[in-house]
Amino acid sequence: DPFSGRGTTVIEAGILGRKVISNDINPLSKILCHPRFNIPSTKDLYDRLESIEYKNNVISDIDLSMFYHSKTLSEIISLKEYLERRNTMKLEDHLDEWIRMVATNRLTGHSAGFFSVYTLPPNQAVTSESQIKINIKRNQNPEYRDTKKIIINKTQDLIKYITNEEINNLKKTESLFINMDARYTSIPDSVVQLSVTSPPFLDIVQYADDNWLRCWFNGIDIKEISKKMTVLKNLKQWCDVMGEVFKDLYRITKKKGWVCFEVGEVRNGKIKLDEYIVPLGIKAGFNCKCILVNEQVFTKTSNIWGVENNNKGTNSNRIVIFYKE
């Protein structure tokens, strides 16, 4: 997956016992995906969490009091500093990686299962100023949240339905995680049988801005990430970049290999991106076999945005399926 994001494609491939390559320009992608290939036991995770010393009254380098109770924030910073030490000393193991992944996903949200007071999900972290307004509007103050308990509870929820066979398949998976521009990957020629991906949709999602809190927790320089990430303002820029992506996809795809490229509709449905993707794939050398159009019901996130179902926003996903002769 050249735009791996949270890693849905490669995790599903790993469960099926396939070899996987995950690429994303944002280092958060590996943080959110790689730990799932080595799922820890709840007991081992509990013991590791209990071994981490949580300090009291820790001072944060940025003001996050609008998101967290002071005790919760001290726990978050203690955890952040522990993970930084383990990483710097090259001692970070699969348990630390799992804790990092779950904590990163629990930073902000809209229920007691998150570290924060009511706010948007972690992949859409609002600014401090916006959170202050939310708190005033909802007449709320951050309450204490037990971070270790939340990490354990979320882990139990994540592994509830996965079988031992699937866990073993993930552990045995041959995987490669790279952090490169999807136009210029280091993948050798003609080695990939199947690519399944969904690229950035023009400027609809501000990936760097939305992930500022995740980057802070993981010590990632948000300004450096912003320079590398592709946020394209118009259709021509988007098509130029996707055309280069398809050149690289053609290069790395085996003969009789496939590419499934998911896009949507933007500008309130006026622009259907599959109509632009098809000629780009053909120009790169692929044959277009079909387009799968899936009308979708909006998620809670869309409702938070105030988007009416099948009226505005992305109402469908369109998967263009290409084949290399």
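This section describes helix packing, aromatic pairs and backbone exceptions in a predicted model.

Two helix contacts were examined. Helix α12 spans residues 235-252 and helix α13 spans residues 274-284. They pack at an angle of about 40°, and their axes lie 9 Å apart. The arrangement of α12 is therefore oblique to α13. The crossing of these helices is right-handed. On the α12 side, the contact is made by Leu-235, Trp-238, Cys-239, Met-242, Gly-243, Phe-246, Lys-247 and Tyr-250. On the α13 side, Tyr-276, Ile-277, Leu-280, Gly-281 and Ala-284 take part. By class, the contact comprises 10 nonpolar, 2 polar and 1 charged residues.

Helix α13 also contributes buried positions. These are Asp-274, Ile-277, Val-278, Leu-280, Gly-281 and Ala-284. Helix α12 is among the elements that cover them. Strands β4, β5 (271-272), β6 (287-295) and β7 are also included in this cover. Just after α13, Gly-285 adopts a positive phi of about 125°.

The second contact joins helix α3 (residues 42-51) to α7. Helix α7 covers residues 147-158. The packing angle is about 165°, with the axes 11 Å apart. An angle over 145 degrees counts as roughly antiparallel, so α3 is roughly antiparallel to α7. Here too, the crossing is right-handed. Thr-42, Leu-45, Tyr-46, Leu-49 and Glu-50 represent α3 in the contact. Their partners in α7 are Lys-148, Ile-151, Ile-152, Thr-155 and Gln-156. The contact residues divide into 5 nonpolar, 3 polar and 2 charged.

Aromatic pairs were considered next. The structure holds 9 of them. One is formed by Phe-67 and Tyr-68. Phe-67 counts as buried because its relative accessibility is 0%. Tyr-68, at 3% relative accessibility, counts as buried as well.

Trp-258 and Tyr-323 form another tilted pair. The distance is 4.6 Å centre to centre, with 55° between the planes. This pair links distant parts of the chain. Trp-258 belongs to strand β4 (residues 253-266), and Tyr-323 to strand β7 (residues 316-323). The two residues are 65 residues apart. With 32% relative accessibility, Trp-258 is partly exposed. Tyr-323 has a relative accessible area of 13% and is therefore buried.

Ring pairs also build a cluster. Its members are Phe-246, Tyr-250, Phe-261, Phe-286 and Phe-322.

Asn-139 has a phi of about 50°. This residue sits in the loop between α6 (128-138) and α7. Asn-139 is exposed because its relative accessible area is 72%. Lys-256 shows a positive phi of about 65° and is likewise not a glycine. Its place is in strand β4, the strand that also holds Trp-258. Lys-256 has a relative accessible area of 57% and so counts as exposed.

Technical notes:
Residues are numbered from 1 along each chain as its sequence is written. This is a predicted model: local features need pLDDT of at least 70, side-chain atom pairs count only at pLDDT 80 or more; totals for chains, interfaces and linings use all residues. Side-chain values use heavy atoms; hydrogens and water are left out. Axes are lines fitted to C-alpha atoms, for helices over the stretch in contact, and angles run from 0 to 180 degrees between N-to-C directions. Helices (H or I, at least four residues) and strands (E, at least two) are DSSP runs, numbered from the N terminus. Angles under 35 degrees count as roughly parallel, over 145 as roughly antiparallel, 65 to 115 as roughly perpendicular and the rest as oblique. A crossing is left-handed if the near helix is turned anticlockwise from the far one by less than a right angle, and right-handed if clockwise. Contact means heavy atoms within 4.5 Å. Ala, Val, Leu, Ile, Met, Phe, Trp, Tyr, Cys and Pro count as nonpolar, Asp, Glu, Lys and Arg as charged, and the others, Gly among them, as polar. Rings of Phe, Tyr and Trp (its six-membered ring) pair if their centres lie within 6.5 Å; planes under 30 degrees apart count as stacked, over 60 as edge-to-face and the rest as tilted. Buried means under 20% relative accessible area, exposed over 50%, partly exposed in between (1.4 Å probe, protein chains only).
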